[in-house]
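Hi everyone, thanks for making time this morning. Let me put the sequence and the structure up on the screen, and then we can walk through a few places together.

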Amino acid sequence: MGKTVGIDLGTTYSLIAYQDPASGRPKCVQGPYGTPLCPSIVSVDPDGAILVGEPARRRLLTQSSRTIYSVKRLMGRGIADVQDELKLFPFELAPESANVLRVRLGDRVFTPPEISAFILRELRQWAEQFFGEAVDRTVITVPAYFNDAQRQATRDAGRLAGLEVLRLVNEPTAAALAYGLHEKRSGKVAVYDLGGGTFDISILKLVSTGEGDIYQVLSTNGDTHLGGDDLDNLLLARARAEILREHGVNLDAHPEAVQELRKSLIRAKHDLSSEDRTAVIFDLPSGSGSWVREFTRAEFEAWIAPIVERTIGPVKMALADAKLAPSEIDEVVLVGGSTRVPLVRRRVEEFFGRRPHIELNPDEVVALGAAVQADILESGVRDMLLLDVTPLSLGIETMGGVVAKIIPRNSTIPASAQEMFTTGVESQTGIDIHVLQGERELAKDCRSLARFTLRVPPGPAGLARIEVKFLIDASGILQVSAKDLRAGTQQSIEVQPSYGLGDAEIEHMLEESIEHAEQDFTERQLIEARNEAEITLTATQKSLARDQAQELAPAERRAIDEASAALREAMAGRDYKLIRVLLETLNAATERLAELQMNRALSEALEGKRLGQV
Amino acid sequence: MTSASTTTITAICWSCGQPAPGGHFCAVCGKVQPLPRDTDYFAFLGLPQKLALDPADLERRFHALSWKLHPDNFVRASEAERELSLERSSRLNDAYRTLLDPTARVEYLLAHEGMRREGQQKQQAPPELLEEVFELNESLDELRMARAAGGDVEERARLSKTLSAAARKFQDSLAGVDAELKKLFIAWDQAIDAGADATARRALMERMNAALNRRSYIRNLVASVHKELTEEC
């Protein structure tokens, strides 16, 4: 039995965390790039290898048609849902995308759960490297406002990554758990979670009981399409319009340049969280000059104010459902990278009339909470209990396309409802059931979850008595079972999900991914080795061009040149182990060069200091 | 009429085979027990079928049972146990959600006792409100027509004002119905304590049913006024 971890599968970044037995606190695993943040970006190499995270991010600029980001926005969605996204994101969809999207990356086609599975696998590898043992079970967080299809897609991603998903936990609730460890409290808590792509608000009641602390979610609301991405897209749209107006350059034909611009604007957005002004210098494509633009925080805030304001509606609805006024909230917790934006903090503080908590890193807090829940489930030693709710009402379609609500939103999960069905006409052999999620009155305005047909033994109308049980489990995922009360038999129902993958399809993907895994691993090793070799070779060339290289003995110089040439030759081949070995040789050969450079830098620094002291 | 206490007995524990007296767990081996089909929400929470509940007591019971029944406790248990605990913990949550809300609570009791069925509620205006309901519906129609015709602003403002006043009045009668229900709750509880016979209980349930029908009628009315007024804003 391997380790159990908590994973925050985010729109922009994903993290993996564990409960540290030594400190009794959750900790994030640091990845190979010295940060726990793994960019949620996947790139398919022309060789067929899959790159995830930082290496994939580098390809966003050079291989944008083979690289995908923000895939979370596509999870559990159909083609009709993502028309707006397609305008903003350079995704190319393959045909047969109606109910499960299929994204084309180079010459391969993937569903969103498969792409998310690559990210999960990468994180799993980080953790396995860190622990030195297998990781096979996990808790994964999802936005509280995710519907059934989005949750199923997330669970499918876990399965495809070879992980047993013990539970899906809502992100704001996970954050509250992490805070609970931090400092014991009781009272009413509002968690405001504005991430890269999603917004959630959850209202919780903390109660101390003899057995431990209960975290009871009273209500939740949100928008699964509202987040930092929207700020970026807004900036990008404005910038592109200005570039077209001022320079007559249309970036439509330059996807790489658009990514470059996007990156610069995101940097500017980050700057404006701490600075009052910043500038963006962007080289226009095909050498037609540069676009230089200064942004002030005031200007930025005026632009994004409508987006920030869009979060307030869900906050008010969550409070109304919890039957609380803003002043009755004892603590406010901010989660998600976008809550670093000063305007967001000000608006939340103004709304609740109290200063929000920002003690924990807003990027990490959700993953930390997931690790806490994973530990609770794994160890069975519990001094806290999480009672979460379903964010959307569950209903079934009745006569005239009207939805009958059978489990209201904000019901504590697991939750269930029994409904009795019978036939309307003689010798009817089936009853069609359509299950939906949402708050609207008509089926066409709600989210279709599934359809299925109840089999009925022939007989006069109204004789059959089929009891259908709808159960939302602790992960917020629907299960349906039916019982023929007259015959006393359980009926197995084949539920056709409206959006998402069937079981057989997942099995098939699993088999395929295992076949691919070996090949993917080799390809990936090759690419990483080539990248590292390239970086080292460039640095060596630069170093050799500097003054201190003159101090090298001819033999030393010759060793470097020979090692470089050998490495270059190996890079053309496909043997990643050979590249690694020759890279080591080059590193050994350049030791003296590095030393010379260090001495030089040191003496310059000391000289500077002496001058300063005079 | 069925009474919960006589129907919650499971013969023997599915796991250890010892006699099981119908609790959430087997007294001998501690395994979670299957849920009999007709366990009512009151019995599930260890309560008599009384209506004037103390919400704080209800919450304490809910939390205490949550510690024991929540699926968190059964992640490593057998498939069978996981299923049983899922069923029990979902029933616990359904019971708490229903009993916490006074209206849902009495509706549940009446439905459980076969006194109230979905789709059988009378949608007739309460006689004492007949005149007001008539006027309100007239104002609603006028407003809809005025809006459809792009009618003049002053006329619509006047109608909106009339409607708001009427809605407030109906809101008051709603409070009246709730107060009446509250009294009936107490009468019901006293009848239970006094061991009242089926006829006496039935009479009380019929009065509660009538009050509920009145309540749902007025609520729908107020909701449609609010909907119309929001569209007007």
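Predicted model: local features only at pLDDT ≥ 70, side-chain atom pairs only at ≥ 80, totals over all residues.

Residues are numbered from 1 along each chain as its sequence is written, while chains are lettered from A and ligands numbered from 1 in the order in which they are written.

Helix α6 of chain A covers residues 228-247, and its end C-alpha atoms are 28 Å apart, which agrees with the 28 Å its 20 residues should span at 1.5 Å a residue. That expected span is 1.5 Å times one less than the number of residues. Several residues in α6(A) are buried, among them A:Asp229, A:Leu231, A:Leu235 and A:Ala239. Buried here requires 20 or more other C-beta atoms within 10 Å of a residue's own, exposed 12 or fewer, and partly exposed is in between, with C-beta atoms placed from the backbone. The cover over the buried residues of α6(A) includes α7 (255-274) and α8 (297-309) of chain A.

Now please look at strand β15 of chain A, residues 213-223. Nine of its eleven residues are buried. β15(A) pairs with β14(A), residues 199-208, in the antiparallel sense over ten bridges; strands pair if DSSP finds at least two bridges between them. Within that pair, A:Val207 stands opposite A:Ile214. The hairpin has four residues between the strands, and A:Gly212 there takes a positive phi near 155°. β15(A) is also joined by four bridges to β19(A), residues 384-387, this time running parallel, with A:Leu386 as the bridge partner of A:Tyr215.

Next, some backbone details in the loops. A:Ser70 is not a glycine, yet has a positive phi of about 50°. It sits in the loop between β7 (67-69) and α2 (83-88) of chain A. Is A:Ser70 buried or exposed? It counts as buried, because it has 21 C-beta neighbours inside 10 Å. A:Lys323, also not a glycine, has a positive phi of about 55°, and lies in the loop between α9 (312-321) and β18 (331-335) of chain A. A:Lys323 counts as exposed, because it has 10 C-beta neighbours inside 10 Å. One more: the peptide bond from A:Ile413 to A:Pro414 is cis, with omega near 0°, and A:Pro414 is in the loop between β21 (403-407) and β22 (415-421) of chain A.

Finally, the two chains together. 15 residues of chain B are in contact with 20 residues of chain A, contact being C-beta atoms, placed from the backbone, within 7 Å. On the chain B side, α2 (55-69) and α3 (79-100) are the elements that give two or more residues, and α3(B) gives the most, with seven.

Note on methods. Contact = placed C-beta atoms within 7 Å.
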